[in-house]
Amino acid sequence: MQIRWYGHSCFLITSENGVRVLTDPYGSHIGYELPQISADAVTISHDHSDHNNISVVKSNTMIIRSVGEYCVKGVRIIGIETDHDASGGKIRGKNIMFIYEMDDMRILHCGDLGVIPNEETIAKIGHIDVMMVPIGAIY
């Protein structure tokens, strides 16, 4: 497996057999340009312009922007709802954390997580091998 960081909350996760998942592609308004990327799936943690620029994807791809379980070419993707703010999502809305199961590993992308998840959410997540957590910035 290979994980490449493009800045902000955007990663390209590639399985050993070449399945590519792109997370939270951003728009150029945040200060740097994201190149055109080929991906089999794109996950969008929430619908803000710094996380949902699907125009950078140059291939026929599955766009995942809701909670649930998905399978893309053998990669299992699980979306779990969380809050984007400490007011239960009333200020910035909801966020989706995504778990990617590939190459016998579980990777968690937290998106724009605004609060520490409660015990029930942590139990839903279960064991994680790699966790991508937002740090710094405004929120």
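Let me begin with strand E2, residues 10–14, and strand E3, residues 20–23, which pair in the antiparallel sense over three bridges. Strands here are DSSP runs of E with at least two residues, numbered from the N terminus, and two strands pair if DSSP finds at least two bridges between them. Within this pairing, Thr14 has Arg20 of E3 as its bridge partner.

A word on the source. This is a predicted model, in which local features need pLDDT of at least 70 and side-chain atom pairs count only at pLDDT 80 or more, while totals for chains, interfaces and linings use all residues. Residues are numbered from 1 along each chain as its sequence is written, and side-chain values use heavy atoms, with hydrogens and water left out.

I turn to the sheet as a whole. Five strands form an open sheet in the order E1-E2-E3-E4-E5, with mixed pairing. Strand E1 (2–7) and strand E5 (62–64) stand at the edges; each has a single partner strand, so one side of each is left without a neighbour in the sheet.

Next, the nonpolar cores. A nonpolar core is a set of buried Ala, Val, Leu, Ile, Met, Phe, Trp, Tyr and Cys residues joined through side-chain atoms within 4.5 Å; buried means under 20% relative accessible area, exposed over 50%, and partly exposed in between, with a 1.4 Å probe and protein chains only. The largest core has 16 residues, and Val21, Ile77, Tyr100 and Met102 have the most contacts inside it. Two or more residues come from each of E2, strand E6 (68–72), strand E7 (75–83) and strand E8 (94–102). E8 gives the most, with four residues. Apart from this core lies another, of 12 residues, among them Tyr6, Cys10, Leu34 and Val56.

Setting aside neighbours within four places in sequence, Ile77 is in contact with residues including Val21, Ala41, Ile64, Phe98 and Tyr100, where contact means heavy atoms within 4.5 Å.

Finally, consider the loop between strand E4 (41–43) and E5, where Ser45 is found. Is Ser45 buried or exposed? Ser45 is buried, with a relative accessible area of 2%. Its side chain makes a polar contact with the side chain of Asn95, at 3.5 Å. Such a contact is a pair of N or O atoms within 3.5 Å; within protein, one must be able to donate a hydrogen and the other to accept it, and residues adjacent in sequence count only if both atoms are side-chain atoms.

Ile54 also has its place in the loop between E4 and E5. Ile54 is partly exposed, with a relative accessible area of 33%.
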